[in-house]
Amino acid sequence: MAKSFRSKSILHRLRVRLPVFWRSVLEWFSNHPYVSAYLVGCVYYGLTVSWMFGLRTAEIATGAAFYVVSISAAFVMVSSFSLGLVFFVWLYRRLHLSLADPKWWFIPAVWIASEYFRAVFFSIVSMGPGGRIGPYWTFGNVGYWLVHTPFVYAARWGGLYLLSLIVIACVVGLIRAFSTRKLMPLAVPLIVSVLLSVSGWLVYRKPIGPTKQLGVVQFANEFSPENFSSSANEELAKRPAQSYDALLLPEYSHLWEKSSARDTEAISRVLKDPRGLVIDSAPEAQTEAKPGYNLVTYHSGDGTPLFSQQKWFSIPGGEYVPYLYQVILAYAGQEQMLLRFNDQKSINHGEVPERPFHYENVSWGAMACSGVIAPELYRGMTLRGATVLTNSASLDTMGLGMAYHYQTRDMAVLHAVANARPFAQSARGGLSYIIDQNGHYVAQTRERGYDFLEGTIQVNKAKTLYTIWGDWVVWISVSIVL
């Protein structure tokens, strides 16, 4: 039986049941594995980051060049991600792996190594002034498929890549079970996955720390500090006095800039303690010599700065132009486009990652905007002592579609569960939410525009194994491959 199984590949069994045309297509894909992997990757990642094709890049280009830059940026991202799948196929063939081989259990490890390679590879492709090289670009990781299932609690042991390992192990096990007519190849990864998930839930389900009442302000996507101020005041006026321990504002909220006395009165009224905490992100003033920084800021209720730190992680095309596009623009004689972008959008970047701010028995781990896409950034913040995680975001200024907002919301759920920390986002031009440490929505918005959320969160001091050890699944997988 084993010899017969090895002599007939799964593809061969599939071919004999297909019409002639589809047999020819399958034969072509089988004979061109790298091209096939790239094309499949383009379809999958093209759908995953479909929001890239609607980006507004007026800061870089206008007219016909606008569409060229927008489409080419999407193509570069999709193409870079697809090369990760090509890398997987190359490793698969180089190691002579097969679903029909006793070494089939190597396949999930090879997949994890290729997913990690893809995340790092795109950070290199998109590198620019102030850019960061690392595993920050995880769009499309199959581990996200489990975010809204009970299996997500396994992330407390190994993060996103453990979830990806579970998905691939179960897929490979299912194919093996179907081919061999035996349940064991599927039963083993399923049982292990259930044990990891149940134990992750039981060990970390109860937070250790005080409860806090949090208010979250959401803004529409517009550029009017006066409207921000007046709209925020209207929302706060509807709230009972002394309701919140802390308020979370979006990036570029501009409070205390136009009507300082009015903002102070409105905010101080709803805080339980007039010295209560207000978190947002504000731009540092630019000079003619160089651009300023984006600052993650903490204020008291009267606007007095308590603490600020420079934003460390930035998005290509949103806050800097990648070197790749600088070369393209230079050779195309479009240096003015680059200068225009630098004048309007470019910022400097902090030298060290953000760290928590301890205030009134809570360590607040606040980041701004783009940090939400990278699990490693929030893991690092938790490792440094954060007991609550937040994000102040300015979204949709580049035309991001709802698919982006839904994906980053899933990422926020993963941050909360994997680190066993409540997570809150306040957005301008995007979605806002408060998530507890077990991944449940305490409150959320479903549409963009002006809104207000409130909810009770319980901070947590216990650190998960993932928080302490990081992506150990990746390093074990890479060691297996090597």
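Reader: Is W90 buried, exposed or partly exposed?

Author: Happy to start there, and bear in mind that this is a predicted model. W90 has a relative accessibility of 40%. Buried means under 20% and exposed over 50%, so W90 counts as partly exposed.

Reader: Thanks! Which class does F87 fall into?

Author: F87 has a relative accessibility of 24%. Since buried means under 20% and exposed over 50%, F87 counts as partly exposed.

Reader: Where do F87 and W90 sit, and about how far apart are they along the helix?

Author: Both belong to helix α5, which covers residues 64-94. They are three residues apart there, so the separation is about one helical turn.

Reader: How many aromatic pairs does the structure hold?

Author: F87 and W90 make up one of these pairs. For the structure, the number of aromatic pairs is 29.

Reader: What is the geometry of the F87 and W90 pair?

Author: The ring centres of F87 and W90 are 6.2 Å apart, and their planes meet at 15°. Planes under 30 degrees apart count as stacked, so the pair of F87 and W90 is stacked.

Reader: And what about Y136 and W312, which form an aromatic pair too?

Author: Their centres are 6.2 Å apart, with 80° between the planes. An angle over 60 degrees counts as edge-to-face, so the Y136 and W312 pair is edge-to-face.

Reader: How many residues apart are Y136 and W312?

Author: Y136 lies in the loop between α6 (107-125) and α7 (155-180). W312 lies in the loop between β5 (305-310) and α11 (323-331). Their pair links distant parts of the chain, and the two are 176 residues apart.

Reader: Are Y136 and W312 buried or exposed?

Author: Ring pairs link both residues into a cluster whose members include F81, F122 and Y404. As for accessibility, Y136 and W312 are buried.

Reader: Which residue lies over the face of F81?

Author: F81 is one of the residues in that cluster of ring pairs. At 5.0 Å from the F81 ring centre, the residue lying over its face is R118.

Reader: Let's turn to the strands. Why is β2 described as largely enclosed by the rest of the structure?

Author: Strand β2 covers residues 246-251. It is largely enclosed because the number of its six residues that are buried is six.

Reader: What is the bridge partner of V216 in β2?

Author: Strand β1 (residues 211-218) runs parallel to β2, and three bridges join them. In β2, V216 has as its bridge partner L248.

Reader: And what is the bridge partner of A246 in β3?

Author: β2 also pairs with strand β3 (residues 277-283), in the parallel sense and over four bridges. In β3, the partner of A246 is L277.

Key: Residues numbered from 1 in each chain as written. Predicted model: local features only at pLDDT ≥ 70, side-chain atom pairs only at ≥ 80, totals over all residues. Heavy atoms only, no water. Phe/Tyr/Trp six-rings, centres within 6.5 Å; stacked < 30°, edge-to-face > 60°. Buried < 20%, exposed > 50% of the residue type's maximum accessible area, 1.4 Å probe, protein only. Lys NZ or Arg CZ within 6 Å of the ring centre and 35° of its normal. Pairing = 2+ DSSP bridges.
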